[in-house]
Amino acid sequence: MPDMLGLSVAPVLAVSLILGLLVGSFINVVIYRLPRQLAATWRRDSQEFLEIEPDSEAVPEPLNVVFPASHCPQCGAPIKAIQNIPLLSYLLLRGRCAHCRAAISLQYPLVELVSGLLTVMVVYQFGLTATTALALLFSWSLLALTGIDFNEQILPDGITLPLLWLGLLVNVNGLFTSLDSAVIGAAAGYLSLWSVFWLFKLVTGKEGMGHGDFKLLAALGAWMGWQQLLLIVLLSSLVGAVVGLLMVILLGRDRQIPIPFGPYLAAAGWIALLWGETLTTSYLTLF
């Protein structure tokens with residue numbers, strides 16, 4: 001059993017679930033607002049560079065993950081604290097805004113639930129340790145990146161790059177892997193997908209993935225070392241291929257519509273952090 005500092009496992013996991021649900025609520029804010037904040041910044045910078053007046057469609061300022069206060073994106077009505085309880089409020093409101101009755105996206109309770117479950121699994125895996133705090137930050141960052149990439153097909157540098165540098169820092173003393181392995185993992189993670197990107201572009205004339213995918217795999221390599229990169233790429237490619245085929249066959253999705261790769265990289269990276277060595281050892285033992 002992991003180190004729970006002498007506390008009973010059930011209460012610790014219950015508190016972990018609540019913490020994860022609360023953080024999940026904030027992650028929803030990040031998923032919704034960060035891309036819009038970036039779009040507003042890009043628009044403003046482009047207008048300044050081109051020396052043109054701001055257009056009427058510019059996102060009003062300030063816009064960030066803290067301000068303005070939570071409100072319905074349809075009618076603008078403020079969301080009261082009692083209406084912002086993770087999962088519970090969605091159920092009590094029956095998935096609709098209390099003011100205008102517009103449908104609330106299923107993404108909100110789903111992200112909160114996933115955040116809660118990820119938090120419980122990380123705490124159960126590592127116990128009440130400093131490693132757990134870092135693993136939770138890693139997990140929550142990947143969940144935010146997953147939501148943003150799924151919705152907008154971008155992986156913001158504001159999350160991927162700090163995640164990369166933090167991975168190198170936490171491994172200075174070999175927390176998850178040796179520092180040498182982390183540095184090589186970061187470089188190999190970036191260059192591997194960078195090479196695939198250019199090879200695919202030379203052969204087909206099309207861009208097969210975004211540059212954010214390079215940085216995300218580099219971050220995963222910095223956290224877990226180069227030894228886990230093959231496992232991460234194989235897991236993410238396998239799941240991505242299966243999901244893509246199912247979407248084409250069952251949902252009739254156009255094959256020409258790009259599918260974000262970031263969510264699959266993030267999921268594979270999270271699995272590798274918790275069970276990568278176990279999976280690799282089992283594979284080597286089997287074959």
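## Starting at Leu 220

Select Leu 220 and, setting aside its neighbours within four places in sequence, display its contacts (heavy atoms within 4.5 Å), which are Phe 138, Leu 142, Gly 225, Ile 232, Leu 265 and Gly 269. This is a predicted model, in which local features need pLDDT of at least 70 and side-chain atom pairs count only at pLDDT 80 or more, while totals for chains, interfaces and linings use all residues. Residues are numbered from 1 along each chain as its sequence is written, and side-chain values use heavy atoms, with hydrogens and water left out.

Next, select Ile 27, Phe 138, Leu 142, Leu 220, Met 224 and Ile 232, the residues with the most contacts inside the largest nonpolar core, which has 51 residues. Such a core is a set of buried Ala, Val, Leu, Ile, Met, Phe, Trp, Tyr and Cys residues joined through side-chain atoms within 4.5 Å, where buried means under 20% relative accessible area with a 1.4 Å probe, counting protein chains only. Among the elements giving two or more residues to this core are helix 1 (9-50), helix 4 (130-152) and helix 7 (211-224). A second, separate core of five residues includes Met 4, Val 12, Leu 13 and Val 123.

Now show the whole chain as a cartoon, where you will find nine helices and zero strands, helices being DSSP runs of H or I with at least four residues and strands runs of E with at least two. Of the 287 residues of the chain, 39% count as buried.

Terms used: Buried means under 20% relative accessible area, exposed over 50%, partly exposed in between (1.4 Å probe, protein chains only).
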